[in-house]
Amino acid sequence: MSAETEKRTQPAYYRRLATRLKNLRKETRWLQSEAASRLGVDTRTYAAYELGRSQPSPYRILTLARMYGVTTDYLLENYADSPETVWVPPTAEDGEKQG
């Protein structure tokens, strides 16, 4: 299977996570080997995360979020457009203020 065909058959969240990991790593100016070392994985494993060929475990996702200073929602969800965007559900107190 070609790389292009493989990309098209991956679920959207694989591609989203891969893109975000790559962008975050570049923003921090780390090489893949540096990011891999900080995460405690082999460079090939980290590269596979960035290519969407492999998915990190929940523990690794939490570690990645802490490593890059973002939320796990930012890494995994579609609605968070920036690392600072965090959705907080409304509370009963919010409802009282509106009504």
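In α5, the buried residues are Ile-61, Leu-64, Ala-65, Met-67 and Tyr-68. This is a predicted model: local features need pLDDT of at least 70, side-chain atom pairs count only at pLDDT 80 or more, and totals for chains, interfaces and linings use all residues. Numbering starts from 1 along each chain as its sequence is written, and side-chain values use heavy atoms, with hydrogens and water left out.

Buried means under 20% relative accessible area, exposed over 50%, partly exposed in between, with a 1.4 Å probe and protein chains only. Helices are DSSP runs of H or I, at least four residues, numbered from the N terminus.

After α5 comes Gly-69, with a positive phi near 70 degrees.

Now the rings. There are 2 aromatic pairs. Rings of Phe, Tyr and Trp (its six-membered ring) pair if their centres lie within 6.5 Å; planes under 30 degrees apart are stacked, over 60 edge-to-face, the rest tilted.

Trp-30 and Tyr-68 are tilted: 5.4 Å centre to centre, 35 degrees between the planes. Trp-30 sits in the loop between α2 and α3, Tyr-68 in α5, so the pair ties together parts 38 residues apart in sequence. Both are buried.

Tyr-46 and Tyr-49 are edge-to-face, at 6.3 Å and 65 degrees. Both are buried.

Technical notes: Helices (H or I, at least four residues) and strands (E, at least two) are DSSP runs, numbered from the N terminus.
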